[in-house]
Amino acid sequence: MTLMDSYTRSVELWFPDGTVILRAEETHFRVYSGILSLHSPIFRDLFTLPQPLDDEVYDGCPVVSLQDGAEELGEFLKVLHRWSYLSNLFRDNNVPALLCVLRMSTKYDVTKLRESAIDALRCHYPQDFLKRLSSSPPSTFPFLFPTSRAGASLAISAANVARESNATILLPGALLACCSINPSSLIEPWQPHPLRNHIHSDDLPGLAPQNLYTVLKARNEIILFTRRRIFGFAFIPRDIPDCHSPECRKVRSEWAIKMDQEHPDGWINPFSPGSFVSSFARFGCVSCLEEAKRTFDIGRRELWDALPGIFGLPGWERLEILEALDRGYL
Ligand SMILES: [Zn+2]
């Protein structure tokens, strides 16, 4: 029995005539060194370096240990060995796998694959979110507005991978998704998550320190902006000149009290009207309904435009230019 026998063979990535065995954690992948070298200069260098004489060999194949997670390496190798796999990830909106592909393609310098992964992820962390919102409700952006623990964990992974892979164009959306997570959950250790385990090789749970600092700081700013500007019509009552209904002021303060009760950590989705507009449609006068709609629309547009800056990043236009420069388009 050799060391190899005590490890697991990948079910999907074990080609009997493969020329190299890659080991990640406890999983082995028997794949083709020529295909890896074709796509990745890092692998090309790795395979052309002279190997030590006592290097592990199994069934005539060199065994190479990598410091990657088995899942993330597996996703990456599947894409490199099966061209249709990437389009399956796109079709299935498989964001966890796309994050693995983004991280691995950046690390192993597979430029075009990295660009494809960023493009696919941009559909879920979009720069033109407000434009898309005009045809789809906020609920169609589950990765931007996570509502479950699994969704929150994925938001953390997305922010960490985007930061680590220098995919800055994805960061405002991913960090916004992290803002909707209760801060105490961000600071406390998290439940094990398969993707996260691979991302944090240093065992640091949760958000990467720079992301954590950014999110905690930005979250307060967004909460204040949301209350003052986006839903200010309810939280900071003022007289509306054409309103002659005593009922309206009551509707406004009752809505604000309800929001405070439902969101004890202060975070209200700034981009979803929720019950805000519909409350005035049902109980308010026409002037108040118009004012509610107007202030909500202006406020969320201002916030979206300011979002990258709130996270300490260059503005949207500059982020686009940086992404184009990175791809050699400019
Ligand atoms: Zn009114």
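What follows is a short exchange about a predicted model and the reasoning behind some of its labels.

Trainee: What is the chain divided into?

Mentor: Domain 1 covers 3-86, domain 2 covers 95-222 and domain 3 covers 224-308. The centres of domain 1 and domain 3, taken over C-alpha atoms, are 56 Å apart.

Trainee: Start with the sheet. What is the order of its five strands?

Mentor: The order is β1-β3-β2-β5-β4, in an open sheet with mixed pairing.

Trainee: What makes β1 and β4 edge strands?

Mentor: Count partners. β1 (8-14) and β4 (57-58) each have a single partner strand, so one side of each lacks a neighbour in the sheet.

Trainee: How do you know that β2 and β5 pair?

Mentor: The cut-off is at least two bridges between the strands. Four bridges join β2 (residues 20-24) to β5 (residues 61-66), so they pass. These two strands run parallel. L22 stands opposite V64 in β5.

Trainee: And what makes β4 and β5 a pair?

Mentor: Two bridges join them, and at least two are needed, so β4 and β5 count as paired. They run antiparallel. Y58 stands opposite C61 in β5.

Trainee: How many residues lie between β4 and β5 in their hairpin?

Mentor: Two residues lie between them, and D59 is in the turn. D59 has a positive phi of about 50°, although it is not a glycine.

Trainee: Which loop holds E25, and what is its phi?

Mentor: E25 sits in the loop between β2 and β3 (27-31). Its phi is near 50°, a positive value in a residue other than glycine.

Trainee: Why is E25 called partly exposed?

Mentor: Buried needs 20 or more neighbours, and exposed needs 12 or fewer. E25 has 17 other C-beta atoms within 10 Å, so it falls in between.

Trainee: Which residues of α14 are buried?

Mentor: C248, R252 and W255 are buried.

Trainee: How do you know that they share a side of α14?

Mentor: They cover an arc of only 65° around the axis, which puts them on the same side. P246, E247, I257 and Q261 are exposed on the other side. The cover over the buried residues includes α13 (232-235), α15 and α16.

Trainee: Where is G284 found?

Mentor: G284 is in the loop between α15 (276-283) and α16 (286-310).

Trainee: What makes G284 buried?

Mentor: The threshold is 20 or more C-beta neighbours within 10 Å. G284 has 25, so it counts as buried. Not counting residues up to four places away in sequence, G284 touches C248, V251 and L289. The C-alpha atoms of G284 and N93 are separated by 40 Å, and the two residues are 191 apart along the chain.

Trainee: Which residues touch the most other members of the largest nonpolar core?

Mentor: A158, A174 and C178 do, in a core of 75 residues. Leaving out residues up to four places away in sequence, the contacts of C178 are A155, I156, A159, L207, N211 and V215.

Technical notes:
Residues are numbered from 1 along each chain as its sequence is written. This is a predicted model: local features need pLDDT of at least 70, side-chain atom pairs count only at pLDDT 80 or more; totals for chains, interfaces and linings use all residues. Domain bounds come from an automatic or database domain assignment. Two residues are in contact if their C-beta atoms, placed from the backbone, lie within 7 Å. A nonpolar core is a set of buried Ala, Val, Leu, Ile, Met, Phe, Trp, Tyr and Cys residues joined through C-beta atoms within 7 Å. The arc is that of the directions from the helix axis to the C-beta atoms.
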